[in-house]
Amino acid sequence: MSKVLDSKIPAGPVPEKWKEYKAHQRLVNPKNKLKLDVIVVGTGLAGASAAASLGEMGFNVINLCIQDSPRRAHSIAAQGGINAAKCYQNDGDSVYRLFYDTVKGGDYRAREANVYRLAEVSNNIIDQCVAQGVPFAREYGGMLANRSFGGAQVSRTFYAKGQTGQQLLLGAYSSLSCQVNAGKVKLYTRYEMEDVVIVDGRARGIIAKNLVTGQLERFSANAVVIATGGYGNTYFLSTNAMGCNCTAAVQCYRKGAYFANPSYVQIHPTCIPVHGDKQSKLTLMSESLRNDGRIWVPKKIEDAKALQAGTKQGWEIPEEDRDYYLERRYPAFGNLVPRDVASRAAKERCDKGFGVNNTGLAVFLDFSESINRLGLDVIMQRYGNLFEMYEEITDVFPGDVANEINGVKYYKPMMIYPAIHYTMGGIWVDYELQTTIPGLFAIGECNFSDHGANRLGASALMQGLADGYFVLPYTIQNYLADQAVWPKVPTDRKEFDEAEKGVQAEIDRLMNIKGKRSVDSIHKELGHIMWEYVGMGRTAEGLKTGLKKMHDLEKEFDTNLFVPGTKEGLNVELDKAIHLRDFFTMGQLVAFDALSRNESCGGHFREEYQTEEGEAKRDDENYFYVGCWEYKGKGNEPELIKEPLEYEAIKVQTRNYKN
Ligand SMILES: Cc1cc2nc3c(=O)[nH]c(=O)nc-3n(C[C@H](O)[C@H](O)[C@H](O)COP(=O)(O)OP(=O)(O)OC[C@H]3O[C@@H](n4cnc5c(N)ncnc54)[C@H](O)[C@@H]3O)c2cc1C
């Protein structure tokens with residue numbers, strides 16, 4: 001290990017850390033005295049909440065996003081809910097328990113202190129959002145309602161039907177709009193950050209492209225915060241919004257920010273299966289459905305074959321011939337095991353030939369038992385919009401009775417299969433959410449901070465809003481306090497000139513390739529390579545093959561890409577080409593990290609390292625660290641730098657969801 005990373009975690013037993021830290025804040029009072037500018041890139045839940053909070057605190061905020069309105073950030077897609085340790089159900093929940101579940105759910109690869117802080121501020125988030133008017137579901141008596149998500153045996157997920165992300169984003173957006181109105185936040189929609197500008201070793205601004213005019217523009221500030229989301233679309237097909245990209249994060253990585261744990265990619269078990277090769281998007285069926293839906297495949301191989309051939313339907317298979325494999329394998333958590341475990345179990349059944357659908361690559365998610373027990377009305381109140389979404393896409397309504405066997409009604413089950421969904425890896429940040437470039441901060445899904453090797457359901461919204469409302473606004477002040485004596489740098493400095501020239505040169509290069517292949521055709525091929533060799537099951541040999549194939553395809557991209565139109569004005573194909581250039585860097589980084597980690601943990605499953613029962617086999621002796629990567633130039637292998645993990649409060653052990 002050549003370099004040492006300072007994660008700035010204050011000393012003391014874990015539960016005291018954050019309190020101590022807060023007490024040590026050197027509070028800047030920008031409202032009265034200082035004119036400090038902060039650029040916040042992104043208006044998803046992390047970006048919008050951070051920009052609104054910083055504006056409220058008196059900073060001058062420049063807030064950018066690629067959509068035409070902050071309300072259209074990818075966060076709007078979040079369906080199921082947001083976790084908090086309120087213990088409204090009196091079921092034994094606590095801050096410690098949420099902390100413990102999250103660390104265990106992450107397969108003991110998260111930083112303990114960060115997760116504790118996250119659990120501690122979780123309750124404030126709910127209060128904040130209720131105050132904003134977010135219409136969380138309520139019990140009959142008026143109390144906020146909860147449901148359960150994977151990896152927890154308590155009910156701690158707050159939700160607004162199947163539209164939690166949308167409602168939370170509307171709340172954050174209203175706070176943001178308030179600050180825009182007050183003149184503290186200046187909003188730039190349809191702007192894309194292309195580069196970070198570094199002056200004397202510190203992030204001092206960005207270069208952004210006006211996506212409507214095609215012009216490059218310069219923005220200077222005392223600090224830069226990126227909140228630009230994850231890199232799931234590297235795989236082409238994913239549940240992420242089509243616009244999700246990793247350009248800002250990858251450009252920061254190229255400029256010296258370390259990228260942590262890129263191989264930790266989450267594959268979500270309950271997505272609508274791929275149904276053709278013309279598809280460009282996959283649809284998630286929220287994990288919340290596993291509260292009432294039971295996952296199964298046929299017990300008998302001949303039934304599976306008949307289902308695949310279309311000569312039999314799921315509802316014709318009687319109870320005794322159904323294999324509720326999650327309930328069988330994991331009696332303590334049943335259908336609510338964490339996502340990595342549920343996804344692998346589905347793959348195992350399908351690989352053995354028990355999958356359903358004409359492809360054999362699907363399992364059933366069945367609501368018969370819960371509809372019979374609770375009635376369709378109750379189920380529709382809980383998941384109405386998800387049932388409707390499923391019907392719109394597949395033409396099957398999961399609330400339709402299809403058969404009756406021995407007096408028991410059977411409803412049409414959903415068919416689901418795992419798909420790329422979320423990325424736990426991201427830009428490395430210290431405890432203050434600062435990257436390895438001073439003055440550059442990363443929050444929300446684009447950092448690596450809290451989920452270890454696997455994120456538990458409903459924890460991404462919690463982390464994004466914790467970072468934006470409650471963590472960054474404190475921690476950034478430590479940095480800005482020193483910046484108070486530094487004037488903001490003018491944008492006519494040579495560092496801005498050079499950064500802008502570099503971005504322009506890249507745009508010219510892509511426009512001038514003038515080859516024969518569209519961006520999408522190459523991206524789709526990259527996605528196939530990623531899924532095949534860097535997907536749910538990885539091997540050393542497969543990863544090496546994947547890297548070679550990516551390298552060759554990147555050459556094809558560099559020599560045979562065709563971008564129609566011009567660089568002036570709106571050119572969506574050009575923007576996609578820039579994103580694809582960065583997905584190549586990202587895809588290779590995921591593979592390098594996966595190859596270096598000779599163990600299985602969470603979302604990273606190396607087939608060579610599994611138990612006899614097919615569970616992930618960790619190697620804590622050799623891999624108990626955060627894998628951070630330093631960019632070494634295009635085509636070169638990045639350098640691995642390790643941040644050792646230290647656990648004080650939680651005993652590191654084998655994950656067990658069986659008993
Ligand atoms: C279908 C679906 C359902 C989900 N459901 C849940 C759930 O129920 N609970 C849960 O906890 N999590 C859920 N998640 C995960 C969660 O939605 C995301 O992790 C979270 O919303 C990410 O928020 P973010 O603010 O970090 O990023 P995003 O919401 O992705 O926002 C990124 C922002 O950055 C901007 N941006 C990106 N690149 C640039 C650039 N170069 N320049 C300028 N701006 C840029 C975008 O315009 C956008 O404003 C779900 C995810 C999906 C896909």
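Ala, Val, Leu, Ile, Met, Phe, Trp, Tyr, Cys and Pro count as nonpolar, Asp, Glu, Lys and Arg as charged, and the others, Gly among them, as polar.

## Basis

This is a predicted model: local features need pLDDT of at least 70, side-chain atom pairs count only at pLDDT 80 or more, and totals for chains, interfaces and linings use all residues. Residues are numbered from 1 along each chain as its sequence is written, and side-chain values use heavy atoms, with hydrogens and water left out.

## Ligand shell

The ligand is surrounded by 38 residues (a heavy atom within 4 Å). The closest are Gln67, Ser75, Gly80, Met193 and Glu445. By class, the shell has 18 nonpolar, 17 polar and three charged residues. β6 (191-199) is among the elements supplying at least two shell residues. β6 gives the largest share, three residues. Helices (DSSP H or I, at least four residues) and strands (E, at least two) are numbered from the N terminus.

## Backbone contacts

A polar backbone atom of leucine 461 is 2.8 Å from a ligand oxygen atom. For a backbone N or O atom of leucine 45, the distance to a ligand oxygen is 3.2 Å. The protein covers 97% of the 1,000 Å² of accessible area that the ligand has on its own (Shrake-Rupley method, 1.4 Å probe).

## Largest cavity

A cavity is a set of points, on a 1 Å grid over the protein atoms alone, where a 1.4 Å probe fits but cannot get out; lining residues have an atom within 4 Å of a point. Volume is the space filled by probe spheres set on the points, which are joined across faces, edges and corners. The largest cavity has about 70 Å³. Its lining includes Asp340, Ser343 and Arg344. α9 (339-351) and β11 (265-271) each give two or more lining residues.

How values were computed:
On a 1 Å grid over the protein atoms alone, a cavity is a set of points where a 1.4 Å probe fits but cannot get out, and a pocket is an open set with protein on both sides within 12 Å along at least five of seven lines; lining residues have an atom within 4 Å of a point. A polar contact is a pair of N or O atoms within 3.5 Å; within protein, one must be able to donate a hydrogen and the other to accept it, and residues adjacent in sequence count only if both atoms are side-chain atoms.
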